Structures are given as C-alpha cells and as structure tokens.
Amino acid sequence: MRKRKSFFLTAITNSGLGLWLFLAMFPFFWMFLISLRTPVDAFSSNPTLFAPVTFKHYFHVWFVDEFWRYGINTAIVTLATVAVSLTVGCLAGYALARYGGRMGFWLLVAALVFRALPHVVLLTAYKPIFYEMGLWSRYEILIIVLVAINQPFTIWMLRAFFRSIPKELDEAAMIDGCTRWKAFRLVIIPVMWPGVITAGLFSFILAYNDFLIASQLMSGDMTTMTAALGNYMGQNRSMERLMHGIAGSVSVTIPLLFLILVFQKQIVEGMTAGAVKG
Amino acid sequence: MKAKTFLAFVAPSVASMLLLIALPLVGVVFLSVYQSYVKTELREVTTEVPLFGGQTREVTRTVPQPVLDDNGDAIFIWEYVGGRNLREASEIEGVVEAFKGPFPQDEGLGGKLNHVYKRISNYDFWSALEFTLLYTFFTTPAILIIGLGVALAVNRVTEGLRGSLVFISLLPMIVTPIVSSSAIFWMFLDNGIVSVILKQLGFGQIYFLSNQISTRILIILYGIWFAAPFAFIILYAGLQTMPRDPLESAMIDGANAWQRLRYVIIPHLTPLLAVITMIHVMDAYRVFEPILVFGTSVYANSVQYLTYFVLGVQDNIHKAAAYSILTIIGVVILLIPILRHTFKEQKAIN
C-alpha cells in the first residue's frame, strides 16, 4: 500500500517536472530550430521537426547588418563593467563586512533603495545631462553607468561573502604590523576569488542583458548586441527581417548558454547567498 | 575597522552611486518642475514657390520661427512650472472628476466604483499602473507555487540528474529578457507554432496578439515563466538545509505527503518565501521587456515602459521626469515594509 502510494506520488511529481522542463526549454529550442530555416518553413502551417537548413539569416545579421561590430562593443562594455565594478565593489564590500558603525548600515539601506529603482528613472536624467555635456555614444559613459547601477547589488553580495571570511585572518596580519590596506591586499585578496567570481558573473549578466540603457545612450555603430536587437522588433516588419531578428537573438543567447554551463554552481550559490543567509 | 579607513575603502563605490544614482534623482526632480522649449516668434517669411514652366511666385506667410542669439543658435527657454507637469502626468484632476460623477442611473455602489475604475484606467499613467499591479498580483503567488513544486520534484530525483535539471530551469531567467520575451512572442504570432498547433487541433485560428485579454494573459504567463526559476533555486537551496529529524518523526507519526509538506516543509521555508516575494515585487514593478516586445502598449502598459516611451519615442523629458517622480513614489511605498524589517533587525543587533 505504502509503496504504491509513493509510486503514484513520484509519477505525479515527475510528470510535473517534465512539463516544467519542456516549457523552460521549448521556446529557446524552437527559436534555435527556426533560425536555421527559410521563413516559409519557420512559420509553416504544418510545423515539422526537420526542415532544410540554411545559414543565410546568420550570414545576413553578422556580415550585412554588421552584428560583429556590436559583438565587439558588447565584449568591451561587459568586460570593462565587470572589472571596474568588482574592483570598486570589493573594496566597499570588504569595508562593509568589517565595519560595525552606523554609516555602514545607512549605506546598505541607501543601496537597497537604489537597487529597487527602475532604471528608466535614472535614464530620464542621463539623457539631457549627457547630451548637454556632449558625452554621447561613448564606451566610458555606458561602462560607468552600468558600474554604478550594478553597485548596490554587488556590495550587498560581496559584503555577505566577505563576512564569511573569518575576521581573525586579517586581524592577525594587522597585529603583525600590516596596515588595513596591506592586510586586505596580502591576506584577503588571495582567498576572496570564489566570491568575486560569483559577484562578477552577476555583473556580467546584468551588463550583457541590459537593453534599456544601451539602447538610449548608444547609437549607430556604438550600440551593443542586445540593444541592436531592437532594430528587428515591431509587428509590421517583413518576414525576412523577422528571421534576421531570430538569428540575432540566437547569437545573443549562445554565450549565455556557455556561461551557465561553466558557472552553474557559482550562479546558484550567488542567488542563494543573499536570500538564504539573510 | 576605523571610520576613516571605512570611508577610504567605500569612497569609490559611494562616489559612483552619488554621481550616477543620487545626483540624477535630484536632476529628475529638477526636470519635473521645469518646462523647456525653443523660443519662437511670429515672423513674415517669404518663399519662392515653383509654378509651371520654370516660373516662380513669391509667397509671404506669417509662421513661428526660432529666435536666434548672436551666435546664430536657437534660444532655449527654461520655464519654472512648479507642479504642473506632475499634475498633468498623474491626471489628478481627471481622477478627482471621475470620483465626483456623474454616474449612470440605477446603479449600486459596485456599479459606481466600476464606472470610476473604468474612467481612471483610461489615463495613461493609471492604466500602466493598473497592469503593473495586475502583473505583480498574478505572478507572485504563481512563481511561489511553481517554484516550490519544481524544487520538491527535483529534490526527489536521483543526485546525478539534478545538475542538468537546474541548468534547464535556469534558462528562462538568465537568457536576455528581450530575447526570451521575443522567443515567446514568436510562438504566438498568427502563424507561430502555438497558434498553428491549436488550429490543427481544431480550436480555429486564435489571434493572441490582437486583443487585450489574451495579450495581458500572455505577458503574465511570460512573467511567471521568467521568474519561477528564481523561486525554484532559492527554495531548492532551502530544502537542502532542511533538517531530517522533523521529517522522519512526522513520517513515524503517520503523516502523509501532504501533511508533511503543509506542517513541516512549508513552515521551514516561510522566511525564504518572504524573501522571494519581496524581491519579486520589486522586480515586477520594473517590468519592461515583454511590454516592449509584445509591442502592444495599448493593451498592456507598465510604469517603466510608459516612461521609456515618453522619454525615448516622444522625447519629452519633462513629462518623463514627472512619470519618474510618480514611479519613485511607488518604489518608496513598496519598500516601506522591507525597510521597516531592516530597521527592526538593526535594532535587535544593537
């Protein structure tokens, strides 16, 4: 009796799980599949799993629409954003983990409020200010904006991580005559990499996935891959254009798949670090 | 750590946030109380209009022309308008009017409230707020339930499979939102895979994207699909920290699966459910990409998309600033419970 019941339960949970996995995967699977087809096959009234394969949409997107330029822009912007936000964030996160005063608390509260702000609020101010200053469509601007927007989340996460490194470690170094800065450099930096990689991943994903800010602050050849996808949107585009958009979207997705494959453990740890530990 | 050292360490981070988050917020307030325009004057302008056979005729008309300064640049005027932008953006007068009536005859309180609701939701900001709240209201419980279900199911599966299950489950959340909303959008086009399959199954051609209800349902379903992985990962991690003893003693006492879930597992996960709700409500308030991709802000709008549209498409920074102020007020209201919780915790530590 008991056994049959648990068999029944397993059947239910497993079919539910199967349904979820299908739903989670299918839209991407289908997008990938139709990106390799001619428009007629992609949106046919009799959909099939196999259809003639063509790479012409990819060719058009990457070489005629010059997606490679946007790919380079994305690489520059995301890598620089990750590097700068980690450097700045590590210093702040470490200090927040070791300092017990009121200022630290207020800084964290301010960061919490900043994190909740919709980005378009900031964009409303950036647009006229940067336009007046003539700072338009430049890597530096997009990078520092993304770094600043990333900071609230980064310092919360790194603070949680640095708190898990025992205090005694750097205190011992300071008793031996190190300054705070030297203790940080010589003792903390060598052991902080797991947490830094995790925080870096989230900075990367935020900068890479950002559409709103890049689409408004960058124009023409300077835009990023994600923002360039905006060129293909809208309901009244031709079928060809739609197919190019699909090929572009798949191109944007592939690097992320590798990222999840390689860093799955760190991503899961990073998501739970903030929530589970409070 | 000494206060001085602390300040030195946090200085770069604080500087970046002050300069690019706090200062722009002040800027938004400033923009919202001003109105700017190019100074114009009415002038007689004479132009030559071509007629037939190479002949021309001079036409003199009075048209508004920009006033130029000594350098030949147009003069830009900033005018202080106080709360006018804010009043216009929130359509506060219209809202007050809606409450005053007149109401259709022979209707009870419910009918009157419905009437007020219909009139208010005609205004841009209020309809955007309406859908943002609907989105939050429907997605939040759904992601908690689905996230918990998937977490429990994955927890029963053999260890070796779990890695790939987590990988697949992460996809909707990590893949660029603009791409994932597009992937869903393409499936529901009139000749997309879902529409076509439903047609083959005999449901007839369904035009998902050309009416309000189905568009709204699709965007909400997208929101659930997008955010459920987040709930799943956190609850799954919570299940790993679950002590075995209470579960085993519940089993010995003869509790069935449902009772174990209801009285042992869910109480253990309650703090996590609260954290997920908090974070998801903040994120749902910012919903943007699906509205942009589904391209039908007539049917479903969001607070962030409305501001984006006014800023980027209509290019009206002052109106956008007014919407931003209203957005910030909303954020502050949302944050009150979270901030109160944080303050209480801080007090408990001190």
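Reader: Which residue of β4(B) does B:Gln35 stand opposite?
Author: In this predicted model, strand β1 of chain B, which spans residues 34-38, runs antiparallel to β4(B), and five bridges join the two. Across that pairing, the residue of β4(B) that stands opposite B:Gln35 is B:Glu79.

Reader: How many residues of strand β4 of chain B are buried?
Author: A residue counts as buried if 20 or more other C-beta atoms lie within 10 Å of its own. Strand β4 of chain B, made up of the five residues 76-80, is hardly covered, and its count of buried residues is zero.

Reader: Which helix gives the largest share of the side of domain 1 of chain B that touches domain 2 of chain B?
Author: Chain B is divided into domain 1, with residues 85-102 + 109-122, and domain 2, with residues 125-349. The C-alpha centres of these two domains lie 30 Å apart, and eight residues of domain 1 are in contact with 11 residues of domain 2. On the domain 1 side, the largest share is four residues, and these come from helix α2 (residues 84-90) of chain B.

Reader: What number of nonpolar residues does the side of chain B that touches chain A have?
Author: The contact between the chains takes 78 residues from chain A and 83 residues from chain B. On the chain B side, helix α1 (residues 3-32) gives the most, with 16 residues. Divided by class, that side of chain B has three charged and 21 polar residues, while the number of nonpolar residues is 59.

Terms used: Residues numbered from 1 in each chain as written. Chains lettered and ligands numbered in written order. Predicted model: local features only at pLDDT ≥ 70, side-chain atom pairs only at ≥ 80, totals over all residues. Buried ≥ 20, exposed ≤ 12 C-beta atoms within 10 Å, placed from the backbone. Pairing = 2+ DSSP bridges. Domains from an automatic or database assignment. Contact = placed C-beta atoms within 7 Å. Nonpolar A, V, L, I, M, F, W, Y, C, P; charged D, E, K, R; others polar.
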